[in-house]
Amino acid sequence: MKTSLSKSSGVKTALVLAGIILFNFAAKAQDPSLPAVNLGLANITDGITPGPGIYYANFSQIYQAHSFRDGAGNKLPTNLKVNTYTTIHQFVWLGNNKVFGGLFGLTAFLPVVRISATNAGGPTPTINNGVLGDLIVAPAIVWGNRKLFNHAYFSRAELDFYLPTGSYNHNDASNPSSHFYTFSAHYSFTYFFNRELSISSRNHINYNTKLIGTAVHPGMFYNVNFSVEQTLYKTFRAEACAYYLTQLNQDSNNGDSRYYQNVDGLANTKERVLGIGPGLAYLANQRLVLEGKVFWETAVRNREQGVRPTLQLSYKF
């Protein structure tokens, strides 16, 4: 999810909230913002999927954007504040059929969001009151307990298709739908150094299509979630966790990757953000997982900066 300040500010900004929602100004010449993706939704033992079956997961995230940053990381002179509550419902089916030595599965995500914005002494972007974000569907391959350097190693590969099915109105400055397609390939793993200490990582590479009905094309980008995890007591584990996003190429308009530099005088249009924080989880033989964490953002370029408390619940039926 995201929001943008006007081009008169001399910079693109975005409010990207957990998962699958997007704010966008409708002007065709507006430098686009990246779509919402998985920033810190899943961290601890993320590569582990405990066998065939049906799963349900719920991700809840509150994002408080307290400032906006330009391409050099400088704070923009605005009092705009945006608070968003996002909850994402995930449904997973993992079968017994093997593909490339792993189990084949399917998953779908449905995001729901509520947005509020204030701006003391300045304009507030109009908000689409719809609550449905864009549906995501994905095939996946899961590899179970294998060995790497004689230690347990779990992993998963997935290809996510972001479908612009959510609420969208071009007259609104903020919408629950991105209004374009995104294709995201990711690989997740969890590696155990011993029974109590592990690391996990989820690596995404993302490609966006053009905003539907326009020549505006957001650039490709990479994002990763990672964590270092330590057992505290039996099924309770603590983690130091983080996420990172960096845009790989410039946004373009009508195929021109220098459009926003030449027309709007932007040095570059690439976004970047790093979120870091602690987490605590309860894992009951991986059948039930409860995870709570909070991220503080830093190293921000061309987007908002804020705080991101997050809760995850997943259950295997």
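**Group meeting talk: strands, cores and a cavity**

Let me begin with Phe149, which is found in the loop between β5 and β6; strands here are DSSP runs of E with at least two residues, numbered from the N terminus. The model is predicted, so to speak of local features we need pLDDT of at least 70, and side-chain atom pairs count only at pLDDT 80 or more, while totals for chains, interfaces and linings use all residues. Residues are numbered from 1 along each chain as its sequence is written, and side-chain values use heavy atoms, with hydrogens and water left out.

Phe149 has a positive phi of about 55° although it is not a glycine. Phe149 is also exposed, at a relative accessible area of 70%; exposed means over 50%, buried under 20%, and partly exposed in between, with a 1.4 Å probe and protein chains only.

A second residue of this kind is Lys234, in the loop between β11 and β12. Its phi is near 50°, and Lys234 is not a glycine either. Lys234 counts as exposed, at 64% relative accessibility.

We turn to the strands beside that loop. β11 (residues 221-233) and β12 (residues 236-247) run antiparallel and are joined by 12 bridges; two strands pair if DSSP finds at least two bridges between them. Asn225 has Tyr243 in β12 as its bridge partner. β11 also pairs with β9 (residues 197-208), in the antiparallel sense, over 10 bridges. There, Ser198 is partnered by Glu229 of β11.

Which residues touch the most other members of the largest nonpolar core? They are Val37, Phe59 and Leu245, in a core of 18 residues. Such a core is a set of buried Ala, Val, Leu, Ile, Met, Phe, Trp, Tyr and Cys residues joined through side-chain atoms within 4.5 Å. The largest share of this core, 3 residues, comes from β12.

Finally, the cavities. The structure holds 4 of 30 Å³ or more. On a 1 Å grid over the protein atoms alone, a cavity is a set of points where a 1.4 Å probe fits but cannot get out, and lining residues have an atom within 4 Å of a point. Points are joined across faces, edges and corners, and a volume is the space filled by probe spheres set on them. The largest cavity has a volume of about 480 Å³. Its lining has 32 residues, and Asp46, Ile48, Thr49, Gln90 and Arg156 lie nearest its centre.

How values were computed: On a 1 Å grid over the protein atoms alone, a cavity is a set of points where a 1.4 Å probe fits but cannot get out, and a pocket is an open set with protein on both sides within 12 Å along at least five of seven lines; lining residues have an atom within 4 Å of a point. Helices (H or I, at least four residues) and strands (E, at least two) are DSSP runs, numbered from the N terminus.
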